[in-house]
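The points are numbered for reply.

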Amino acid sequence: MAEHYNKYLVKVATLAGITMLESNAESYRVENTVSRILQVSKQPITEVFANTTGLFITLDGPELDEPITLIKRISQRTTNLRKIHIVNQISRDLTNGLISLEEAHQQLLNIDKCNYSKRVIALSTLLLVLSFAILLGGDINEIILSLVAAVLLLLSYRLKALFQLNDFIFGTVATFIVALVIPIIIHFLGKANPSFDIVVISVLMPLFPGTAFTNGFRDSFKGDYGAGLTKIVEALIIAVSLGVGVALGLFVAKGIIEWV
């Protein structure tokens, strides 16, 4: 009975860790949360190792015939601070005896149900791009072009889901589409001559991996240099993909404009 309970506990802890890693949480935070859940078992050995692409958990003690070990690979990541907060709160409620293990498991399984809808996310992206266009001093023409660029960005999200693009390819494709279409529109506007810089900077802001970059330094400052360096490199690769996409888009757009 005790061994069955401990296996179930490890399963719940693993689900919590995977959810946090897929939400781009810091590795030290994941390890702390998962360890807190495992300590409910009262077993003397609770080992947790988390990095950007994997989660390793071991639970052992005198009540177990053999150690319980689980290894899970993390293949997809997206920034979702709300999920990180919810999982962290569930772990605290569980360790404080406010909820049972079964209730914690059920809340973790239902965590996606309380997530924002695709419509809300799309509207938020549009408002974010428009806000940066205004913040950067754009006039009415640049604000309208930023709205067009935001729509193109949302379409690129559809392409990412349809073709299962990785972060590097998605960043390149998304910025390529924007940098290809917007200069052509500006060219045909003629005398209006809106600023391409304001438009492209505004649409790049939702794509820039600021959270991943910050989390990499936070992990490094906590002494987890492996996970920290991995996140920093990942953020730099995404940033490079954005630059590559813009450069390619401008190159192709220039050729089209000269040809027209």
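1. Arg-77 counts as partly exposed, at 24% relative accessibility (partly exposed lies between buried, under 20% relative accessible area, and exposed, over 50%; 1.4 Å probe, protein chains only). Glu-234 counts as buried, at 14%. The two side chains meet in a salt bridge at 2.8 Å, N to O (a side-chain nitrogen of Lys or Arg within 4 Å of a carboxyl oxygen of Asp or Glu). Arg-77 sits in the loop between strand E3 (68-73) and helix H3 (81-95) and Glu-234 in helix H10, so the pair ties together parts 157 residues apart in sequence. Helices (H or I, at least four residues) and strands (E, at least two) are DSSP runs, numbered from the N terminus.

2. This is a predicted model, in which local features need pLDDT of at least 70 and side-chain atom pairs count only at pLDDT 80 or more, while totals for chains, interfaces and linings use all residues. Residues are numbered from 1 along each chain as its sequence is written, and side-chain values use heavy atoms, with hydrogens and water left out.

3. The whole structure holds 6 salt bridges. In one of them, Lys-83 pairs with Asp-112, with the closest N and O atoms 2.5 Å apart. Lys-83 belongs to helix H3 and Asp-112 to the loop between helix H4 (101-109) and H5, so this pair ties together parts 29 residues apart in sequence. Lys-83 is buried at 18%, whereas Asp-112 is partly exposed at 48%.

4. Asp-219 and Lys-231 form a salt bridge with a closest N to O distance of 3.5 Å. Asp-219 lies in helix H9 and Lys-231 in helix H10, 12 residues apart. Both are buried: Asp-219 has a relative accessible area of 0%, and Lys-231 of 1%. Separately, Glu-26, Arg-29 and Arg-218 are linked in a salt-bridge network.

5. The buried residues of H9 are Ala-212, Asn-215, Gly-216, Asp-219 and Ser-220. They cover an arc of only 140° around the axis, which puts them on the same side of H9 (the arc is that of the directions from the helix axis to the C-beta atoms). They pack against helix H2 (27-38) and helix H10 (225-259) (contact means heavy atoms within 4.5 Å). Just after H9, Gly-223 has a positive phi of about 95°.

6. The buried residues of H6, including Glu-142 and Leu-145, pack against helix H5 (118-135), helix H7 (167-189) and helix H8 (196-204). Gln-164, which follows H6, has a positive phi near 55°.
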